[in-house]
Amino acid sequence: MPNSTPEIFQAKDYKSELKPIWCPGCGDFGVVQAIYRALASVGRSPHEIAFVSGIGCSSRIPGYTTAYGFNTVHGRALPIAQGIKLANPDLLVLAAGGDGDGFSIGGGHVAHAIRRNIDLTYIVMDNQIYGLTKGQLSPTSPRGLVSASSVFGSLEDPVNPLSYVLGYGARFVAQGTPADMAGLATLIEEGIRFPGFAFINVQSPCITYGQPDAQLKAHKSMMQSLSALGHNSADRLRAFELAQSYGETLYTGVFYRDEHPGPTYDQAVRERQQTLSARAVPRDRILDAFIPR
Amino acid sequence: MTTNDLLIGMAGAGGDGVMSAGDALITAAALGGYHGVMAKSFGPQIRGGESSFRLRVAIAEVFTVGGTLDVAIALNWDDFLRFGAELPVGAETIVIYDSQYPVGPEGVPLPGARPESTIAVPIAQIARDITGTDKAKNNVVLGLMAGWFGFVPDGLLAGIRKKLGKKGADVLEKNERAFAAGREYAAANPLAPARPLEKAPAPSAPKLLTDGNEMCGAAAIFAGCTFFSGYPITPSSEIMHYLGREIWKYGGTILQAEDEIAGIGAVVGASFAGKKALTATSGPGMSLKTEMLGLATIAELPLVCVNVQRGGPSTGIPTKSEQSDLFQAVFSAHGDVVRPVLAATTVADIFAMTVEAFNIAEEYQTPVILLSDGDLGQRKEIVDPIDTASFRIIERRRANARELERYQRFAITESGISPIADPGTRGGNYLASGIEHNEQGAPTASGATHARMNEKRIRKLNPLKMRRDLFDVYGDPSAAIGMVAWGSVAGIAREALRDAQKKGIRAKLLVPRLLYPVAQQVFEDFFASVRAGFVVEQSHLGQLYRLIRMYVDVPRGVESFARSGSNPFTPAELSERLRDLAVAVQRAGRPELEPATD
């Protein structure tokens, strides 16, 4: 519940004392900075935030914030995040992880989080590689990629996270890069403010196992702002079209935002609870319903 | 002559109203103050097809519907015979069948049944004469039961009125007449071998009637559960169905998850958020939930996971009960894990054990597995009134203001239990994780910290091993013959012990409701006087027997008596075995086979 006397927060209020284990130059440093900024703009106290992740380099991220963090198991951030939000809808719930977490081992959960539309923000740090396990193929690795697990080159096409979530009906879909820190912070803030499930794909390069020509420096020259291109984020079909260039063109900004997002699942749950609470018998009389009459 | 214990089996085609007849009978029995258990069985069709029930009604407490039927009712022979061994008849069985499906010249289509106890009744004809259709056949049968067996006529009539009252005066009137016609037929055609039911003493408070799965759901709400998430699976889904109707009223919610993993995942999340949370499944689902159970163990989050066991491995036999998931419940974890495993023995006990599961989960901040089984989950049972006021409800130990000043979520305390903070609590912000962590919650790879944390997480559960209240001993405490049984088989063993005691055999029975951690002392105390006996369970491996032997010096004469599900034990065979052991002990005449004297 927002405080009655609004507190003012700064980015540093969300930064924990833990030192990241990430390699120097990792894109995730920028992502966590952007998250600090976004949270400060939103202005919720750290104790009112639950930040859930899976497993992987990027999934260490909740520990680097002062929120209530939960570094869970591989691929399962979303089910846990949804349970948290439904159990306490007053919390601001963030989920985060890597592309392996979100589109490989946990890929099945994404579709259901989208269709349920529970109000939470899901940030994927997409680096097209498995870093923590030392350089194997990830679900977003380009075809032909030579990696520790594909020494003769990958034989698979990558998952396209953007068209994946658009295809399942995601109501807020954005992409950013830490190369544009201010832009990324704004996208995350918009995602948090969006009433419903918000998806943000962050191109967060791996300095150790990633491709040398796709690091942050390259992002700065490659990235193309969707708003500068005049993209209308209410246009879902155009968003699909633009999303097809995933892996070729680095678009940043909001691909799609539902202008009439409707009620979220958690709101509907509250309404149903309120409607049905009148029918409750006292808990200690719950067995009376089993008395045959 | 009358009887105080009546076992009825009935079968018919889809649409014959067999199930509603069974429901009507057990409801009337509950109103009449009897004890009773009813198991239903269906053909493999998704919809329609043959169906049957076995119903046992008695003055004393009963726990099983096993054994030869006292009364068999066949609305047609094909469907009745399809249930084969599930509806066994013998020389004492009264077989009532619809005369529109005549039997052959030998008179009896069932091996073992006697012609003089095999009675043709124009059941469909009576129904047609009154209502114009076959539909009231089941109510004719109820009339026969009321007439021949004194089966609570008022209760049956009240049931018909309640069920059909909404369908209009005409329908109700016709069915009441069908019921009356059945009674009249019985009155006009006395049935010599029929032994009517003795009247049951009026209960002090109304009895309850429900199945194990609904009881589990109700107990969860009573315990303060406000979150359920799971995935449909036989034979546990009714827990989700019940909570899907009821939990909202208590500020709770259910989430039908996309898979078993997400089901328990959402429960882990809800528990992290501070709510009491439940998931329920059966064997294949348990296999999938394993990783999340480990997460809840290391993150020290309370949750309850109910496994309504069925035949395994893999898909196994979804519709048959088994007790073969004990090893899985105890051992399916990587790393050094102790997580409490409870087992309920009756539908009534599911209430107590579900509440206990939540209490243990909350007190010790751990996942708890509650083992039920297909028999318990699905059977209807008449339950004696439960005094809910006698149950204590435990809440997790939350951090107080002083502890929040320098909060350590995983503080190593004397009890091993650390104060927990729910998100939303100022000052309680911490990192929960599946990765090993120090007392603050910061990830660590320190071997020393890992060892201390393992020790703490396991030490905190030690008090459970002293919970003698989670063990029941029946019979003569100093007997030399001892039996151990758990879950639904415990009821069969209790009846067997009762039989044996009637025959003058000194024996005793231990029923553990806490299966893990193994309460070594409780078992050793029980076995102290035991020279011969067995651990009876519905699994091929004899999993409890082997689990106990890991921790307890089981006497040499105590063996495993175990077999796979779908071939249930009967009280008769267990009491036989007790008698054989008693005879062997006596014949041997060896001092070590004499009952202990202390």
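This is a predicted model: local features need pLDDT of at least 70, side-chain atom pairs count only at pLDDT 80 or more; totals for chains, interfaces and linings use all residues.

Visitor: How is chain B divided up?

Guide: Chain B is split into domain 1 (5–188), domain 2 (209–390), domain 3 (397–466) and domain 4 (468–593).

Visitor: And how many residues of domain 3 of chain B are in contact with domain 4 of chain B?

Guide: Four residues of domain 3 of chain B are in contact with five residues of domain 4 of chain B. On the domain 3 side, that's three nonpolar, no polar and one charged residues. The centres of these two domains, over C-alpha atoms, are separated by 40 Å.

Visitor: You mentioned strand 15. What does it pair with in chain A?

Guide: Strand 15 of chain B pairs with strand 2 (residues 68–71) of chain A, in the parallel sense, over three bridges. In that pairing, A:Gly69 stands opposite B:Leu431.

Visitor: Now the five-stranded sheet in chain B. What's the strand order?

Guide: The order is 16-18-17-20-21, in an open sheet with mixed pairing. Strand 16 (471–475) and strand 21 (558–562) of chain B are the edges, each pairing on one side only. From one strand to the next, the twist averages 20°.

Visitor: How do strand 16 and strand 18 of chain B run?

Guide: Antiparallel, joined by five bridges. B:Phe471 is opposite B:Pro512 of strand 18.

Visitor: Which strands does helix 16 of chain B lie across?

Guide: Helix 16 (residues 488–502) of chain B lies across strands 16, 17, 18 and 20 of chain B, at about 155° to strand 17. Helix 18 (residues 543–551) of chain B also packs on the sheet, touching strand 20 and strand 21.

Visitor: Last one: at what angle do helix 3 and helix 4 of chain B pack?

Guide: About 115°, with axes 8 Å apart, so the two helices are roughly perpendicular. The crossing of helix 3 of chain B past helix 4 of chain B is right-handed.

Visitor: Which residues meet there?

Guide: From helix 3 of chain B, B:Ile123, B:Ala124, B:Ile126 and B:Ala127 meet B:Lys137, B:Val140 and B:Val141 of helix 4 of chain B. By class, that contact has six nonpolar, no polar and one charged residues.

Terms used
Residues are numbered from 1 along each chain as its sequence is written. Chains are lettered from A and ligands numbered from 1 in the order in which they are written. Axes are lines fitted to C-alpha atoms, for helices over the stretch in contact, and angles run from 0 to 180 degrees between N-to-C directions. Helices (H or I, at least four residues) and strands (E, at least two) are DSSP runs, numbered from the N terminus. Angles under 35 degrees count as roughly parallel, over 145 as roughly antiparallel, 65 to 115 as roughly perpendicular and the rest as oblique. A crossing is left-handed if the near helix is turned anticlockwise from the far one by less than a right angle, and right-handed if clockwise. Two residues are in contact if their C-beta atoms, placed from the backbone, lie within 7 Å. Ala, Val, Leu, Ile, Met, Phe, Trp, Tyr, Cys and Pro count as nonpolar, Asp, Glu, Lys and Arg as charged, and the others, Gly among them, as polar. Domain bounds come from an automatic or database domain assignment. Two strands pair if DSSP finds at least two bridges between them.
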